[in-house]
Structure formats: C-alpha cells, structure tokens
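I am opening this notebook to record what I looked up, entry by entry, in the model shown below.

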Amino acid sequence: MEEKKDAAYFKALAHQLMFDLSDEEADSIVREFDTLQKQMKLLDAVDTEGVEEMVYPFEDETSFIRDDEVTNVISQEDALANVSKQVQGHFVLPKVVK
Amino acid sequence: MKNAGGAAERCQDAYAEAQKLQEKLNDVITFVDPAEQLEHLPEQGLMRGVPIALKDNVNTKGIRTTAGSRILSNYVPVYNADIADRLAAAGAVCIAKTSMDELAMGGTNLTCFTGAAHNPWDVRRMTGGSSGGSAAIVASGVVPMAIGSDTGDSVRKPAAYCGVVGVKPTYGRISRYGIIPYASSLDHVGYFTRSIKDACISLQVLAGRDDRDMTSSDRPVPDYLAELSDDMHGKRIAVIGNVVESIQNEKTVKMFNDLMDQLRARGAEVDVYQFDEDLMRAILPAYYLIANCEATSNHSNLDGIRFGVREEGEDMQAIMTNSRTKGFGPLIRRRFVIGSYGLFQENQERLFRKAQKVRRKIVEAMMECFRSYDCLIAPASGEIAPLIDTKADQDQLSSDYLVAENYMAMGNFSGCPSMTVPMGFEEGCPLGINLTCRPWEEGTMFGIGRAIEEITGYENLHAEVK
Amino acid sequence: MEYNVTIGIEIHVELKTNTKMFSGAPASFGRRANTCTNEVDLGQPGAMPCLNREAVREAVEACTALHLTIDPVVRFDRKNYYYSDLAKGFQITQQFHPLGRNGYVMIDTPKGPKKIRINRIHMEEDTAKQFHMTKVSLLDFNRSGIPLIEIVSEPDMTSGQEAEAYVSELRQTLYYLGVSDCKMEEGSMRCDVNVSIAPIGAEHLGTKNEIKNLNSIANIGKAVDYEVERQKKLLEAGEKVQQETRRFDEASGTTVMMRRKEGNVDYKFFPEPNIFPIRLDPEWIRGIQASMPELPEARRQRYAKEYGLGEHDINILIANKEMSEFFEQAMKGSKNPKGICNWLLSDISAWLNRHEQTIVTCQLKPQNLAKLVAMIDDGKISSKQAKELVDDLMEGRDPEQAASAKGLQQLSDTSAIDQMVSEVLTANPQAIADFAAGKDKAVGFLVGQVMKRSRGQANPAMVSERVRAELKKRTA
C-alpha cells in the first residue's frame with residue numbers, strides 16, 4: 001500500500017528531530033520517500049515469515065560485566081572544555097520551560 | 001613499514017608532503033605536527049616511527065575531531081579512542097586527521113564540510129567514501145597506513161578507487177571505543193595500507209579486547225605476519241555470480257576472470273556461486289534502513305549543548321534546533337528524517353524490523369556458502385572512481401548498481417572480515433577486488449590477498465599526484 | 001453513583017553503587033557540579049556504555065525480594081527523545097526484556113491483607129540534574145548515568161491508603177536490602193501515581209491522570225484521595241476527565257495540572273546495538289539470593305515467633321530498620337523483649353525526636369538498655385526512677401553507675417517498707433476509717449504518703465501490696 005506523505009509532514013518530522021528543513025530539502029525528501037517505497041518492495045520480495053530480527057552481527061551471548069570500581073573520571077575543566085559559557089561549573093541554557 | 005632509525009625525519013617528511021598535496025587532494029581536515037609525539041616515542045613498538053593518518057571520526061585527545069561535520073568543527077576531545085592509544089603505544093605517529101563524508105554517511109567523500117576529497121590517480125575523480133581522505137593519503141604515498149571505518153563499504157570502496165589495500169576485519173576485532181559512530185551494529189574500524197604485509201602488522205597493533213567496548217572480542221590476536229601463507233592449494237573460493245553478472249563494464253569482468261584463472265593456476269578451487277537474486281537486491285535497502293535508523297539515534301547527542309558548535313536561541317529547543325540545522329549538511333538531515341521514519345512504532349515492523357529480518361536471511365545465506373567455501377570474491381566495483389563533477393545526485397537511492405556497487409554491506413551485516421586489494425587499471429585509474437572470509441579467519445583472507453598481490457605485482461603501488 | 005478506583009504506581013529507585021550504570025565514573029552525591037563524569041555520562045561522540053555488575057546484583061536482589069521471575073539474559077534498549085538533561089539524546093533502558101516480571105507485595109488494608117502485583121522491574125540510567133534560575137537553567141551531569149531500577153505495579157490499588165501501603169512496603173523492602181537510600185525527599189526514590197475512576201459496571205477504565213513530584217509517602221495518600229474526589233466531582237457534573245499530568249501541591253492538599261497529555265510520545269524503542277545480550281550465571285544469581293539480608297516480611301514473622309511481640313509493636317519496630325537492629329543487639333543481653341521494645345518505642349523514641357537524633361547518631365548502647373530493663377525487672381529501681389535515667393543512657397552512660405550517682409535506688413526491703421507503712425497508717429487514722437467504710441481511694445492516698453516518706457524510692461507495687469495487707473489487718 002502506497003503512502004502519500006507531503007513536504008509538511010517531513011518538515012514536522014524534522015522538527016521533532018530538532019532541526020529544520022528548507023522547502024527544497026523537504027521536497028527532496030518527498031521524492032526520496034518515493035524511492036524508499038520502491039525499495040521497500042525489494043525488501044518485501046524476501047520472505048521473512050518466521051524469521052527473527054538480527055540485531056547484532058554475532059549472536060553468541062556474552063558474560064562479561066564490569067566491576068563496580070571507579071576507573072575513569074574527568075576534571076570539571078575537561079567536562080566544560082567544549083563550551084564557552086559556564087556558571088559555577090554548570091552548563092548553561094536559557095530558561096527551560098518544561 | 002621499516003622501523004629503522006630516522007623516525008623524526010620520516011614523520012616530518014610525511015607531514016610536509018601531506019601539506020604539499022593538500023591543495024590537489026584536499027584529503028586532510030586537520031594537520032597534526034608530529035613534534036610532540038616524536039618526543040614521547042616509545043623505545044620499542046611494532047610501528048615505531050611510522051607516520052600514519054586517522055580518519056577524522058577517531059577521537060584524539062586535545063586534537064580537533066570533526067567527523068566531517070560542521071557541527072563538530074570546534075570539538076576537541078578530552079579522551080583518546082582506544083586505537084589511538086594502541087597506535088601510540090606501538091610507536092606510530094599521527095600526522096593528519098583525514099577527510100570523510102559527513103558523519104561517515106556517504107560513499108563519495110563529497111559531503112565533508114571542508115569540501116570534496118580528490119583521487120590521487122586522477123584529481124578530477126572522487127576518492128569514494130566515507131573514508132576517502134585516508135585512502136587518498138595512503139595511495140599518494142604520504143603515509144603507509146591510515147585508519148578508516150567501514151559501515152557499508154566505507155573502507156573497501158575507496159580502497160578500490162584509490163588502488164590500495166583496504167581492510168575491514170571481523171566485527172569486534174578492533175575496539176570501537178572513541179570512534180564517532182554511524183550505525184553501531186554495522187560499524188567496523190578498518191584501515192588502508194599499500195601491502196598485505198603492512199596490513200598484517202597493522203592488525204596486530206590495532207586488534208584486541210577493550211573492556212570499554214562491550215562488543216569487542218577477547219579472542220587472542222594471532223601473529224598475522226608470521227602466519228601469512230600464499231599457498232592456494234585446498235583453498236575454495238566462491239565468485240559471487242550475482243555481482244559479476246550485474247557489472248556492465250566488460251573490461252572489469254575480463255580483468256576479474258583472468259585473475260580467477262591465475263588463482264586456479266596456483267591450486268585454488270574457484271567456482272561461481274549464485275545467491276538468491278532477490279536477496280542480493282535487498283542488501284542495499286536493508287543496509288540503508290538499518291544504518292539510517294541507528295545513525296539518527298546515535299547522533300541525537302549532537303545538539304550544541306555540551307560540545308560542538310552552538311547556535312544561540314531563546315530556549316533549549318531553539319538552541320538544539322538551530323545548532324543542528326546549521327551544523328548538519330542537507331544530505332545528513334535528509335538521512336535522519338528517513339531514519340526516524342523507519343523507527344516510528346507504527347512503521348518499525350514494516351521497515352526497520354523487516355530490514356533486520358532480511359539481514360538475518362542474508363547472513364544465513366552467506367554462512368551456508370561458507371560451509372563449502374573459504375572465501376567469497378567479486379570485483380569491489382564495476383567501474384573506476386566516478387568524476388566529481390557528474391551531475392548525478394550524489395545519494396540517489398537508485399535501483400541501479402544495487403548489486404555491483406553496493407553488495408559489500410554483506411560483510412557488515414555478517415561481521416565477516418572483508419578486504420579490497422588492487423586488481424588492475426582502466427584509464428589510468430585503479431580497480432579493486434573484494435574478498436570476504438568467515439568470522440575470525442583474517443589469516444585466510446590475508447593469504448588469498450597475498451596471492452593476488454603476487455599475481456598482480458601491485459605491492460606498494462602508489463600514485464604520483466599530478 | 002458508585003465508582004471503581006484504579007491506581008497504578010511507577011517508582012524509580014536510585015541504586016547505591018560506586019560507579020554509574022554504564023561508566024566507570026563515581027556515583028557520588030553532593031559534589032561540585034560536573035566533577036563526577038566522563039565522556040560516557042556527557043554523551044560525547046564515540047563513547048560507549050559498559051554495564052556495572054553491582055547494579056545488576058542489586059537489581060537481582062530487588063527482583064528476588066519482590067518475588068519477580070528473573071530473566072537470566074540481560075538485554076537493553078534505547079528510548080529516544082531530546083531533552084537538555086539527556087546527554088546522549090536517548091536513555092538506555094530495558095523496554096522489551098525487563099530483568100524481572102510478575103512479582104508482588106502484600107499490604108495491610110482495613111479489609112485485611114491484599115496482594116499488589118508488580119508487572120516488571122527493569123534497569124536504566126538516570127538523567128542530569130537541572131537547576132532553574134530566573135533567566136537560565138544550569139545543568140550538572142554528576143547524576144547522569146546513575147543506576148536506576150524502575151518498578152511498575154499492576155493497577156491493583158483502589159485507594160490512597162492502599163497506594164501508601166504499597167509504596168511503604170516497597171520502600172521498606174528495598175531499604176532493608178540496602179540497595180538504595182529510598183529517600184523520596186532527596187529524589188533517590190521517585191513515585192509517579194496513575195489514577196482513574198469508572199462507574200461500577202463500566203466496560204472500560206476511566207481516563208488516567210498521572211501525579212508526579214510526590215516528595216513523601218504521606219503525600220501519596222493525600223494526593224490520591226484528593227484526585228479521586230476531584231475526578232468523581234467532574235463525572236458527577238457530567239464533565240469528562242481530561243488526560244493530564246498533575247503535581248501535588250502540599251500547601252493546599254490538592255493536585256494541580258502541570259500539562260495536558262497530548263497523545264503518546266513515540267520513543268522509537270529499539271535494541272541497544274552496543275551491548276550484546278549477557279547471560280547471567282545461574283550460580284551467581286543463586287549466590288546473590290542466598291546472601292540477601294533478612295527482609296521485613298521474614299523479620300516480622302521471626303519477631304512474632306521468637307520474641308512474642310504484638311503485631312502493632314512489630315510494625316513500628318520494623319518500620320525503622322536501624323531501630324530493629326538495635327533491638328536485636330539489646331536482646332543479646334536481655335530476657336525481656338517486650339520491655340526492651342517498649343522502652344525503644346516510647347521513652348527512647350521520644351528522646352530522639354526531641355533531640356532530632358536517630359538511634360544511630362545517639363550514644364545509647366544496646367547493652368545499657370538491656371541493663372536498665374533488667375534493673376527494673378529485678379526491682380532494683382522503679383520504672384518511674386528509670387525514666388530519670390533516660391538522658392544518661394542516651395548520652396552513653398551505664399545505668400547502674402548513673403543510678404548510683406543520682407542516689408536512685410528502689411527500696412524493696414520488706415521490713416523497711418513495713419516500717420514506713422506502719423508509721424503512715426498510724427499517722428492517718430481517718431484514711432483507715434475511710435477504707436473500712438469502703439472508700440478504696442484511701443489506699444492510693446496511703447501509698448502516696450509512703451512513697452513520699454521514702455522520697456519516691458520505695459517499690460510502689462510492693463508498697464501498695466503492704467498497705468492493703470496492713471489495712472486489712474487493722475480493720476479486721
């Protein structure tokens with residue numbers, strides 16, 4: 001079943017992902033989406049009845065779990081090294097409205 | 001790679017040469033002056049004094065790491081990737097962080113925020129991607145080894161276009177800790193060299209368990225160089241018929257078939273193996289879905305708040321949105337939208353999970369083949385590197401080239417070790433051949449690669465940049 | 001109109017570990033901002049998660065104590081959303097394969113004991129802390145990555161009392177396990193309560209409202225009761241209950257709307273690709289379960305059996321783990337559990353409250369309490385006299401020495417008492433006459449006189465008995 005999604009739909013979706021699309025970019029996705037639909041047909045051509053999803057390249061279970069010892073802590077300076085503004089060692093944001 | 005004295009001179013020469021070629025190749029994002037590393041060079045090391053380059057998705061403490069994206073153009077890591085530590089411990093000296101497709105999401109190396117990288121064999125042509133900068137810097141003779149990463153073919157395709165050895169080992173063989181991810185269940189750390197012997201030594205240095213990466217393997221690391229054998233007797237090689245048949249270029253096919261005859265002459269059993277065609281055509285769509293979905297999630301941390309280029313805004317949402325809009329290139333944003341779409345609850349079953357099921361079928365088909373064969377082999381690409389100025393849309397999800405140009409993701413789905421080695425030339429530009437072996441059988445892979453290297457005579461091939 | 005009330009509760013509990021859930025940074029509290037983090041907690045590019053064994057161990061303990069079935073294969077998933085306190089832009093949690101399923105706790109209700117079922121317990125990681133100032137918000141990632149377990153009940157509760165009892169029982173169990181401080185007021189235990197009502201006989205459940213930011217167990221009951229009434233009033237007025245997220249306003253004792261719930265957020269859950277499934281060694285699990293500390297349930301039963309204490313006293317004693325442990329220490333030197341218990345729950349608790357201390361911070365030694373009770377039982381001092389020794393005991397002093405120093409000793413010498421009784425009776429002929437006339441009050445008066453004469457040191461029970469005996473003799 002073909003789904004028709006328009007530029008507005010993808011703009012809204014992008015906004016949910018915390019970025020914006022220009023009109024051209026949104027139109028481009030509408031076209032790409034069309035191609036995506038065609039590709040889904042290629043996937044559908046493969047019978048996956050009773051087949052489980054493969055999440056990892058290998059499916060051997062592991063057993064390693066890390067000991068509860070402090071091994072790696074960075075200084076406050078390093079934590080803030082990649083921002084220009086800080087207040088008493090905190091990252092700063094304009095007031096968040098929850 | 002010789003470990004003789006003169007390390008400082010060698011590294012400084014490489015550093016200078018890289019800068020000299022930068023204008024033509026644009027394969028470097030950040031140059032790294034080797035002086036400090038040379039001061040702290042260890043007494044011993046398998047790669048002592050060898051100049052290398054790192055793809056710019058490898059975190060290097062104190063040295064800018066951008067992953068080819070504007071949003072990270074000011075990001076300076078406070079920690080080292082595991083492989084950066086291993087290479088330093090082995091005495092290698094990094095002289096450059098190389099160009100890559102933005103966030104490793106591309107196959108052309110045209111989307112880096114610093115511009116397109118150029119192929120050393122013909123600077124009008126692309127290097128391929130996403131590890132194009134690393135491929136170029138090795139192919140141009142500047143350094144004998146450079147790190148890349150391979151999620152769908154991002155080491156193995158540029159290796160073919162640039163005429164170098166490109167290795168993607170088994171999943172988990174090399175730690176991914178500190179490598180900026182693309183798609184975590186498909187990402188592999190890989191690398192480029194100009195010879196199989198150097199490939200063996202490099203893997204020795206890079207491989208090994210890292211407890212910080214829960215997917216890294218604790219299998220012991222063999223001495224690949226010591227175990228290297230070019231004896232083809234008893235080796236059973238399966239040519240992927242579907243790939244060869246989908247290649248339009250007859251010269252490529254002939255070059256490949258001749259090479260297969262040579263392998264037979266050395267005692268290898270070489271048969272043509274057919275996979276289900278629908279399965280082969282499903283590789284690219286399955287790869288795109290899984291990769292885009294995982295990537296969208298992986299890059300949710302790039303928001304300008306704790307690191308990266310922050311664009312101002314009146315609240316958190318505005319800051320995140322402005323930073324990501326300005327910081328991500330258009331291709332990436334489009335990929336994220338598609339990726340997110342595939343993960344929505346109502347779509348997941350149909351799209352993301354369907355792709356994951358197809359992944360299983362592909363891997364099962366490969367393992368079935370590996371019951372009777374030691375190696376899957378096919379040309380890495382049907383054509384030489386395309387011209388950069390082709391007006392074709394860089395990221396067309398087109399149904400052409402589904403098989404010939406995009407089958408190598410099989411190696412990522414399955415985690416199998418896979419390698420490209422130079423095969424021959426057309427129009428003065430290289431073509432490559434790709435081989436894939438069972439998990440953990442890098443030894444077999446290097447052995448067959450070595451045999452091919454001897455047949456072609458392309459050991460230490462490098463381009464004179466014009 | 002009669003309504004069915006349906007209440008479900010989700011609780012997030014911070015586990016006590018040295019390091020974070022997925023990184024080797026310290027899990028510390030109260031430190032300067034952003035001094036307990038590393039690249040993993042800050043969500044920096046390229047960092048990868050690495051699971052903490054102690055967190056798993058504590059989660060296994062919690063599942064066991066609450067009767068859940070444990071899945072021996074540990075699997076994680078990503079919950080994707082954007083927020084400033086979420087460093088990676090996703091939280092690693094266990095959506096599809098929680099560590100434990102299908103457990104329960106027993107609570108007391110006015111209608112008797114009731115089973116409240118627990119749907120799941122899963123492991124996840126905490127977010128950063130945000131501080132809201134007037135113009136800016138500040139972020140501290142020390143809390144980012146702290147191990148959490150989330151406990152989700154079935155919607156089995158039907159009143160504020162049941163909700164409180166459930167959380168109380170859960171809190172006590174986890175506290176006894178030692179896996180968390182469980183301090184609601186500090187945020188190491190956070191409760192979200194979902195309340196809906198529907199007319200009896202209705203096919204579907206009513207619209208659910210979520211109440212957040214509850215900072216004490218008492219407030220849970222108050223909030224639920226208020227919310228139920230609020231929803232009832234709406235329905236009676238012919239209005240619809242809107243799906244909302246509300247908070248409890250302590251001052252007014254009401255729930256206040258925080259935001260409307262606009263449909264369901266799609267978190268795009270998918271399995272965490274950077275953590276392979278981990279199979280827990282069954283021996284390891286068995287070892288954990290075998291070495292778990294005694295839980296409130298078992299302790300209650302043991303106290304009833306071993307010490308013969310009443311249910312009411314047991315509940316109060318057990319409600320405070322440290323108090324019950326002190327009790328057991330004191331019992332090592334005592335044969336009178338009821339005596340020890342009474343002292344702890346009355347005079348000693350009162351003293352602790354007055355001085356804002358706890359049984360752990362005060363200087364009281366268990367053996368001294370045991371001694372005090374023995375002194376009373378042996379008649380060496382009276383209960384009344386003992387009360388004068390409370391301060392001394394709480395400050396760590398030996399009761400025998402303290403009694404001696406204060407000149408407190410109970411007179412239990414029969415002949416001395418008889419002497420005084422005789423003197424008092426002789427001095428009060430009117431009282432004797434009153435007694436003969438059937439006025440029993442006279443006994444109390446005479447006992448009081450004897451006590452006065454002995455400066456309060458006579459054994460009052462003995463005095464009372466001797467006074468009656470002497471009165472009988474003199475009025476026979």
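**Helix α17(B).** I looked up which residues of α17(B) are buried, and found B:Glu442, B:Met445, B:Phe446, B:Gly447, B:Ile448, B:Gly449, B:Arg450, B:Ala451, B:Ile452 and B:Glu453; I call a residue buried if 20 or more other C-beta atoms, placed from the backbone, lie within 10 Å of its own, exposed if 12 or fewer do, and partly exposed in between. This is a predicted model, in which local features need pLDDT of at least 70 and side-chain atom pairs count only at pLDDT 80 or more, while totals for chains, interfaces and linings use all residues. Residues are numbered from 1 along each chain as its sequence is written, and chains are lettered from A and ligands numbered from 1 in the order in which they are written. Helices (H or I, at least four residues) and strands (E, at least two) are DSSP runs, numbered from the N terminus.

I then asked what covers these buried residues, and the list includes α6 (196–206), α9 (250–265) and β12 (418–426) of chain B. I also checked the length: the 15 residues of α17 (residues 442–456) of chain B should span 21 Å at 1.5 Å a residue, and the end C-alpha atoms are 21 Å apart, which agrees; the expected span is 1.5 Å times one less than the number of residues. After α17(B) comes B:Gly457, with a positive phi near 75°.

**Strand β6(B).** Buried or exposed, I asked of β6 (residues 145–150) of chain B? Six of its six residues are buried, so the strand is largely enclosed by the rest of the structure. B:Met145, B:Ile147 and B:Ser149 lie on one side, with B:Ala146, B:Gly148 and B:Asp150 on the other. For its neighbours I used DSSP pairing, which takes at least two bridges between two strands: β2 (residues 51–55) of chain B pairs with β6(B) in the parallel sense over three bridges, where B:Leu54 stands opposite B:Ile147. With β8 (residues 188–193) of chain B the pairing is antiparallel over six bridges, and here B:Ser149 stands opposite B:Val189.

**Nonpolar core.** I took a core as a set of buried Ala, Val, Leu, Ile, Met, Phe, Trp, Tyr and Cys residues joined through C-beta atoms within 7 Å. The largest has 247 residues, of which B:Ile52, B:Ile95 and C:Val193 touch the most other members. Helix α11 (residues 283–298) of chain B gives the most to this core, with 10 residues.

How values were computed:
Contact = placed C-beta atoms within 7 Å.
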